[in-house]
Amino acid sequence: MPENKLPEEDARERMDYASYLALDRLLALQVPQSRPDVADETLFIAVHQISELWFKLVLHELTGAIRDLAADLLLPAAKHLARCQAIFNQLGGVWQVLETLTPSDYRSFRAALGAASGSGSFQFHAIEYAMGWRESKDPDWGVYSEDTRAWLLGWYERPSLYESFVASLERLGYPVPRSIKRATDQPDPALEAVFEMVYRAPGAHWAVYETAEKLMDLEEAVQLWRFRHVRAVERIIGHLPGTGGTSGITYLIATLERRFFPEIRSVRVRLYGPTPHPDARPGKCPL
């Protein structure tokens, strides 16, 4: 080693693709539990592990967006939100892969899952908390380790994406009525008035307008991902109960109603919602 070269510099020069990505460890994590092994279980494991890696990146980007909003950097925050939307668009594709499982394929290894259920994805619950959903009984925190419960509680208690956005608007001089923290879909009229002002003159409030639109893009991407999840589960197990004692598709359908940014959505619908054509008749497509 040259005398002027530091050890870490030498290590970086010798770093190859497999080492950088820790492929030996990563590719050893797909361990089927069925005995004898069922080939389709590897697909099931890989799809869910890939999803969890994407969830990790979503949380990373949401953390960046919340940090930028806390500093009133709306457009940098919007970039993080756009990346989250792109990730959820990719996540929707995993259900296409999973749907290649037939009911008999899944039945061949289902017993090996034990109590494992997608409702146990603590990362996805953290994503919901980060976006503003607050429901203390969902998930059942008792199923997690003490460290995971503490981690989830951190996401539950810290300011959400929406709270951070609204707080930034207040600091920027917008007439925000109060801090918003909700587990409800009911819009606040006073906050609606703020967003109506923005949406009636987007050019005069471009950073706020663009950030609000990115929030709606993200909400839609999450909803589409949920919908694809419902369709995949329905195709594979129908309306049978899920693993781990969950209600299966009944629970998933209920989550389709979860929304995160009610004031933005209600203003957009009121101002720019479809206007019936004067010649339109019930049951007739206006086109």
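Me: Which helices are included in what covers the buried residues of α13?
Reply: This is a predicted model, where local features need pLDDT of at least 70 and side-chain atom pairs count only at pLDDT 80 or more, while totals for chains, interfaces and linings use all residues. Residues are numbered from 1 along each chain as its sequence is written, and side-chain values use heavy atoms, leaving out hydrogens and water. Helix α13 (residues 262-272) has buried residues, Ile 264 and Val 267 among them; buried means under 20% relative accessible area, exposed over 50%, and partly exposed in between, with a 1.4 Å probe and protein chains only. Their cover includes α9 (161-171), α10 (189-200) and α11.

Me: What is the N to O distance in the salt bridge of Glu 213 and Arg 268?
Reply: Glu 213 sits in helix α11 and Arg 268 in helix α13, so this pair ties together parts 55 residues apart in sequence. A salt bridge puts a side-chain nitrogen of Lys or Arg within 4 Å of a carboxyl oxygen of Asp or Glu. Glu 213 counts as buried at 16% relative accessibility, while Arg 268 is partly exposed at 30%. Their side chains meet at 2.6 Å.

Me: Is Glu 61 buried or exposed?
Reply: Glu 61 belongs to helix α4 (residues 39-70); helices here are DSSP runs of H or I with at least four residues, strands are E runs of at least two, and numbering starts from the N terminus. Leaving aside neighbours within four places in sequence, Glu 61 is in contact (heavy atoms within 4.5 Å) with His 80, Arg 83 and Cys 84. With a relative accessible area of 3%, Glu 61 is buried.

Me: How many residues apart in sequence are the parts that Asp 72 and Arg 171 tie together?
Reply: The side chains of Asp 72 and Arg 171 meet in a salt bridge, 2.8 Å from N to O. Asp 72 lies in the loop between α4 and α5 (74-98), and Arg 171 in helix α9, so the parts tied together are separated in sequence by 99 residues.
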